[in-house]
Amino acid sequence: MNFDGILFFPLTPFAAGGGVNEAVLSEHVASGVEHGAGGVFAACGTGEVHALSAAEHAAVVRRSVEVTAGRVPVVAGAGGSVGTAIEQARAAKESGADAVLLLPPYLVGAPQRGLVEYVRTVTAAVDIPVVVYQRGSMVFTPQSAAELARIPTVVGIKDGVGDLGRMHQIVLAVREVRGEEFTFFNGLPTAELTVAAYRAVGVPLYSSAAFAFVPEVATAFYTAFHAGDPLADTLMREFFEPLVRLRDRVPGYAVSLVKAGARQRGVDMGGVRAPFVDPTAEEEAALAELIETGLSLVKGA
């Protein structure tokens with residue numbers, strides 16, 4: 001798998017009746033690919049994988065694979081209990097996904113050897129490449145990360161913790177085992193704020209929540225950052241940093257605001273499912289101003 005560009009985590013649109021709106025999902029995924037996404041991560045955190053039934057999860061992955069049509073890799077979310085993670089991973093493979101993003105077991109504390117065994121059990125049950133998502137209840141030591149790297153089908157680690165010292169140690173430990181073929185991802189919410197820091201410790205790839213509702217802004221930042229263009233600093237100061245402050249008001253807004261932003265851009269996303277909540281009218285107005293600011297900066301560049 002070759003991830004070249006911003007990693008796109010599509011939202012899952014819900015219809016008025018409560019089910020997944022597959023037509024809108026198709027348009028949403030197609031738009032992201034057309035804007036240059038380097039990979040599509042379907043039914044993951046931004047896609048509210050925690051709130052999807054088994055049938056909905058499979059439908060979201062299958063539709064994303066169909067729309068992407070091999071142009072970029074498609075990675076499907078899986079996680080929760082061992083049984084659920086295996087079922088979702090198998091469904092992802094059957095739907096044609098290129099890999100699985102393995103999320104943590106929910107609300108379960110475990111020692112390092114138990115966390116490694118969780119990954120080992122899922123990978124042994126289904127023959128599909130796996131990217132391990134380090135966050136929440138699943139945080140690895142460098143030694144445990146090296147153990148993961150010895151599992152042939154584990155191809156990457158995505159970090160959602162933000163401990164750069166630990167992450168640098170993990171990169172060094174894994175490189176000793178697998179060399180340069182192993183892939184690392186910056187998976188912090190609004191990863192644009194930390195892209196420079198992660199790049200410095202050997203993690204150049206990142207996911208962009210903003211790409212799901214303002215791909216023009218996210219792409220402009222990506223291009224400017226890699227070119228050393230001052231526009232990257234301007235977008236950081238006037239768009240991304242205020243977005244983070246708005247996001248941090250309420251737990252779950254890392255998804256809720258993204259979905260609200262997509263609605264404001266004319267995509268019929270519907271709202272979020274419980275336990276997430278949608279933004280207030282005041283917060284939606286503030287988000288609309290931010291979107292206008294970001295788009296204006298990009299157009300004026």
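This is a predicted model: local features need pLDDT of at least 70, side-chain atom pairs count only at pLDDT 80 or more; totals for chains, interfaces and linings use all residues.
UniProt, in an unreviewed entry, lists Thr 46 under "binding site". Is Thr 46 buried or exposed? Its relative accessible area is 14%. Buried means under 20%, so Thr 46 counts as buried.

What does Thr 46 touch, leaving aside residues up to four places away in sequence? The contacts are Phe 9, Pro 10, Leu 11, Val 255 and Val 258.

Next come the residues with the other label. For "active site", the unreviewed UniProt entry lists Tyr 133 and Lys 158. They are spread over 26 residues of sequence, yet they cluster in space, with a largest C-alpha distance of 4.7 Å. Both Tyr 133 and Lys 158 are included in the lining of the largest pocket.

Take Tyr 133 first. It lies in strand β5, which covers residues 130-134. Its relative accessibility is 5%, so Tyr 133 is classed as buried. Beyond residues up to four places away in sequence, Tyr 133 touches Leu 101, Leu 102, Leu 103 and Pro 104, and also Met 138, Lys 158, Asp 159, Gly 160 and Gly 187.

Now turn to Lys 158. This residue belongs to strand β6, residues 154-159. Is Lys 158 buried or exposed? Lys 158 is buried, because its relative accessible area is 5%. With residues up to four places away in sequence left out, its contacts include Val 131, Val 132, Tyr 133 and Gln 134. Lys 158 also touches Phe 9, Leu 101, Phe 185, Gly 187 and Ser 207.

The last stop is a helix pair. Two packed helices are described by the angle and the distance between their axes. Helix α8 spans residues 215-227, and helix α9 spans residues 231-247. Their axes come within 8 Å and cross at roughly 140 degrees. The crossing of α8 past α9 is left-handed. Which residues meet there? From α8 come Val 217, Ala 218, Ala 220, Phe 221, Ala 224 and Phe 225. From α9 come Leu 231, Ala 232, Leu 235, Met 236, Phe 239 and Phe 240. By class, this contact has twelve nonpolar residues, no polar ones and no charged ones.

Notes
Residues are numbered from 1 along each chain as its sequence is written. Side-chain values use heavy atoms; hydrogens and water are left out. Axes are lines fitted to C-alpha atoms, for helices over the stretch in contact, and angles run from 0 to 180 degrees between N-to-C directions. Helices (H or I, at least four residues) and strands (E, at least two) are DSSP runs, numbered from the N terminus. A crossing is left-handed if the near helix is turned anticlockwise from the far one by less than a right angle, and right-handed if clockwise. Contact means heavy atoms within 4.5 Å. Ala, Val, Leu, Ile, Met, Phe, Trp, Tyr, Cys and Pro count as nonpolar, Asp, Glu, Lys and Arg as charged, and the others, Gly among them, as polar. UniProt positions are given in the numbering used here, feature names are shortened, and annotations may be inferred rather than shown by experiment. Buried means under 20% relative accessible area, exposed over 50%, partly exposed in between (1.4 Å probe, protein chains only). On a 1 Å grid over the protein atoms alone, a cavity is a set of points where a 1.4 Å probe fits but cannot get out, and a pocket is an open set with protein on both sides within 12 Å along at least five of seven lines; lining residues have an atom within 4 Å of a point.
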